[in-house]
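Me: Could you take one part of this structure and walk me through its surroundings closely? I am new to this, so please go step by step.

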Amino acid sequence: MKYYFVLLLAMYAMTDISAQILADKWSITYSNPNGPGSLEFVESITDSNGNVYVLTTAFTGSDHDAILIKFGAEGTVEWDVEYSSAYGSSEDYGVDLVFDASENVYVLVNVNPDDATNSSSPNGYVIYKYNSSGTEVVSYEDVNDATVKL
């Protein structure tokens, strides 16, 4: 009987711990800056200060643009940046994001020109590097050699 009591007590403790781990720290509703349209979650990462970076793809009403959002540790929107390529009505899909050792964030965006004036342009990609304040540090774009759309 003692064994069952200890087992039940251990199961109760584990349930309580797992409930605490899964509890929401904060929640927020982020509105598409382009007006009505959908936001598709792509990826999120958290820095050492508890800030959360979220990469989304937003439908703008005519095409898609990638948006990077930084939420502070308490859930406030610190900043957001949007990528809409210069290739007319292109489809710009967020693909991935990572940190470097200094916690600069790198964003990979697939560029897919699809309008009539740019139909001969091949797919490509752009990589942006942002510091923690949302300032673009450097970017690299290639619309000739690669397609990373997943």
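Reply: Let's start with the contacts of K70. Setting aside neighbours within four places in sequence, K70 touches N51, V52, Y53, T76, V77, E78, W79 and S132. Keep in mind that this is a predicted model. K70 sits in strand β3, which covers residues 64-71. The side chain of K70 does reach the backbone oxygen of S132, at 2.8 Å.

Now follow one of those contacts, Y53. Beyond its neighbours within four places in sequence, Y53 is in contact with residues including D47, L68, K70, W79, F99 and S132. Y53 is also among the residues with the most contacts inside the largest nonpolar core, which has 16 residues. The elements giving two or more residues to this core are β2, β3, β4, β6 and β7, and β6 provides the largest share, 4 residues.

Y53 and W79 also belong to a cluster linked by ring pairs, together with Y83, F99, Y128 and Y130. The count of aromatic pairs comes to 6. Take Y83 and Y128: their ring centres are 5.4 Å apart and their planes meet at 55°, so the pair is tilted. Because Y83 lies in strand β4 and Y128 in strand β7, this pair ties together parts 45 residues apart in sequence. Both Y83 and Y128 are buried.

Note on methods
Residues are numbered from 1 along each chain as its sequence is written. This is a predicted model: local features need pLDDT of at least 70, side-chain atom pairs count only at pLDDT 80 or more; totals for chains, interfaces and linings use all residues. Side-chain values use heavy atoms; hydrogens and water are left out. A polar contact is a pair of N or O atoms within 3.5 Å; within protein, one must be able to donate a hydrogen and the other to accept it, and residues adjacent in sequence count only if both atoms are side-chain atoms. Contact means heavy atoms within 4.5 Å. A nonpolar core is a set of buried Ala, Val, Leu, Ile, Met, Phe, Trp, Tyr and Cys residues joined through side-chain atoms within 4.5 Å. Buried means under 20% relative accessible area, exposed over 50%, partly exposed in between (1.4 Å probe, protein chains only). Rings of Phe, Tyr and Trp (its six-membered ring) pair if their centres lie within 6.5 Å; planes under 30 degrees apart count as stacked, over 60 as edge-to-face and the rest as tilted.
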